[in-house]
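Reader: Walk me through this model, please. I will ask what stands behind each label.

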Amino acid sequence: MATRTRPSSKRCAVLGGSGFLGRHLVERLVDRGYTVNVFDIRQAYELPGVPFHQGDLCDRQALLVALKEVSIVFHCASPAPANDDRALFQRVNIDGTRTVIQACHEAGVQKLILTSSASVVFEGTDIKNGREDLPYAKKPIDYYTETKIQQEKLVLEACSKEKGFLTVAIRPHGIFGPRDPQLVPILIDTARRGKMKFIIGDGSNLVDFTYVENVVHGHILAAEQLKADSPLCGQAYHITNDEPVRFWDFMSQILEGLGYSAPRYHLPYTLVYGIALLLWLIALVLRPLIRINPTFSPMRVALAGTHHYYSCARAKKDMGYQPLVPLREAIVRTVESYPHLRKGA
Ligand SMILES: NC(=O)C1=CN([C@@H]2O[C@H](COP(=O)(O)OP(=O)(O)OC[C@H]3O[C@@H](n4cnc5c(N)ncnc54)[C@H](O)[C@@H]3O)[C@@H](O)[C@H]2O)C=CC1
Ligand SMILES: CC(C)CCC[C@@H](C)[C@H]1CC[C@H]2C3=C(CC[C@]12C)[C@@]1(C)CCC(=O)C[C@@H]1CC3
């Protein structure tokens with residue numbers, strides 16, 4: 001039987017390493033002295049000393065090349081949540097994650113760190129200081145969430161001390177920061193189209209927005225603390241900024257920071273949610289003829305009009321997590337990183 005070289009504990013692979021979170025993670029790992037392989041379906045950048053493997057994570061052979069002699073795998077690849085393609089989510093988040101686990105076994109990987117999402121417990125109604133023992137959403141709000149639940153279950157169930165394969169899931173929420181392709185760009189695009197005048201609901205709903213560097217910190221801590229005798233094995237952890245903020249205050253700070261007016265007029269939540277649902281149904285019916293992606297999808301309206309913030313006490317206790325960058329500083333850094341989205345630019 002062929003003998004496998006023992007992988008170094010500082011040799012890792014980042015699946016989805018071209019993405020927003022993935023790239024920040026790659027950069028931090030390199031700073032901390034890790035040897036990093038990047039695996040992604042698209043190559044978004046080049047970094048000296050960081051081999052890039054372009055491939056689909058559903059392709060086991062392609063993955064095996066990127067996982068050679070790797071001991072830690074960070075899996076943060078996923079189709080974007082705004083996508084409405086159920087088959088794609090099923091293929092990448094569920095079938096693809098099975099392939100990742102299989103390839104990890106074959107390559108002798110010792111630790112798998114999944115980027116899950118706090119949304120796996122979100123059903124569109126209030127969550128206040130939610131802990132990890134909340135049940136998975138019975139009626140997930142969209143295909144993204146539905147498949148993130150299955151994905152997390154697959155990864156956590158694969159944890160086996162006997163096989164020497166340890167797994168953990170990190171559940172971030174509302175990641176933001178430099179180079180994020182979603183939150184700030186969508187917000188500013190909506191403002192530029194004159195659609196950011198209204199607050200959905202009374203505006204008092206508290207939400208977690210988590211700075212990307214804090215999310216990265218949580219992933220690296222998890223990887224370093226994940227050992228056969230640690231409580232992390234097969235568990236999920238919320239990683240947040242630990243500073244829930246009013247959804248509309250956060251949006252207003254970003255808007256005003258970039259020179260746009262904050263929304264001022266209130267609309268009833270149920271009315272906006274009903275309209276969003278109707279538009280989503282119309283878009284679904286018309287899909288064979290024309291593809292429409294309404295800005296205010298039911299998912300976004302639910303996120304904008306309800307409380308959804310989570311406790312990160314478990315991460316503090318089990319892995320010594322503390323957010324590194326406070327929210328105020330994180331907002332300043334984020335706003336400064338988007339000069340091209342400033343009003344008039
Ligand atoms: N952005 C957020 O607020 C949150 C994100 N997450 C999770 O964090 C992870 C990273 O998200 P982001 O960086 O925001 O997204 P992103 O879209 O910037 O990055 C995802 C990366 O996955 C890659 N990818 C997609 N399908 C692939 C495939 N079949 N094979 C190989 N690579 C593939 C994409 O090319 C992309 O580079 C995802 O798992 C997401 O579910 C969780 C909670 C919140
Ligand atoms: C048009 C405005 C009302 C809203 C603009 C901002 C939104 C694009 C974002 C506000 C909350 C964000 C969020 C996510 C994506 C971007 C937002 C909807 C996620 C769905 C990303 C993936 C997750 O796992 C959960 C996130 C929750 C918060």
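Author: The shell around ligand 1 splits into 10 nonpolar, 10 polar and four charged residues. Nonpolar here covers Ala, Val, Leu, Ile, Met, Phe, Trp, Tyr, Cys and Pro; charged covers Asp, Glu, Lys and Arg; the others, Gly among them, are polar. This is a predicted model, where local features need pLDDT of at least 70, side-chain atom pairs need pLDDT 80 or more, and totals for chains, interfaces and linings use all residues. Residues are numbered from 1 along each chain as written, chains are lettered from A and ligands numbered from 1 in written order, and side-chain values use heavy atoms, without hydrogens and water.

Reader: What makes a residue part of the surroundings of ligand 1, and which are the closest?

Author: A residue counts as near when one of its heavy atoms lies within 4 Å. Around ligand 1 there are 24 residues, and the closest are F20, L21, D40, Y144 and K148. The helices α1 (20-31) and α4 (143-157) each supply at least two residues of this shell. Helices (H or I, at least four residues) and strands (E, at least two) are DSSP runs, numbered from the N terminus.

Reader: Which polar side-chain atom lies 2.8 Å from an oxygen atom of ligand 1?

Author: One of K148 does, at 2.8 Å. A polar contact is a pair of N or O atoms within 3.5 Å; within protein, one must be able to donate a hydrogen and the other to accept it, and residues adjacent in sequence count only if both atoms are side-chain atoms. The side chain of R42 has an N or O atom 2.9 Å from a ligand 1 oxygen. The backbone of I175 also places a polar atom 2.9 Å from an oxygen of ligand 1. Taken alone, ligand 1 exposes 820 Å², and the protein buries 89% of that. Such areas come from the Shrake-Rupley method with a 1.4 Å probe; for residues, only the protein chains shown count as cover.

Reader: Which residues come nearest to ligand 2?

Author: S117, S119, Y144, Q182 and F296, out of 16 residues around ligand 2. A polar side-chain atom of S117 is 2.6 Å from a ligand 2 oxygen. For Y144 the corresponding distance is 2.7 Å. Ligand 2 alone exposes 600 Å², of which the protein buries 93%. Two or more shell residues come from each of α5 (183-192), α7 (247-257) and α9 (298-305). The most come from α9, with three residues. By class, the ligand 2 shell has nine nonpolar, six polar and one charged residues.

Reader: Why is H238 called buried?

Author: Buried means under 20% relative accessible area, exposed over 50%, partly exposed in between (1.4 Å probe, protein chains only). H238 has 0% relative accessibility, so H238 counts as buried. H238 sits in strand β12. The backbone oxygen of G130 is 3.3 Å from a polar atom of the H238 side chain. C312 is 74 residues away in sequence, yet 5.1 Å away C-alpha to C-alpha.

Reader: How do you know that R171 is buried?

Author: R171 has a relative accessible area of 2%, therefore R171 is buried. R171 lies in strand β7. The side chains of R171 and H238 are joined by a polar contact of 3.4 Å. Contact in general means heavy atoms within 4.5 Å. Beyond four places in sequence, R171 touches residues including S117, E132, E152 and Y237.

Reader: What makes the largest nonpolar core a core, and how many residues has it?

Author: A nonpolar core is a set of buried Ala, Val, Leu, Ile, Met, Phe, Trp, Tyr and Cys residues joined through side-chain atoms within 4.5 Å. The largest has 36 residues; V14, L25, L29, F74 and M319 have the most contacts inside it. Among the elements giving two or more residues to this core are β1 (11-15), α1, β4 (72-75) and α10 (313-319). Helix α6 gives the most, with seven residues. Another core, of 32 residues, lies apart from it; L183, W248, V301 and V335 are among them.

Reader: Which residue caps the N-terminal end of α2?

Author: D59 does: a side-chain oxygen lies 3.2 Å from the backbone nitrogen of Q61. Helix α2 (residues 60-67) has A62, L63, L64, A66 and L67 as its buried residues.
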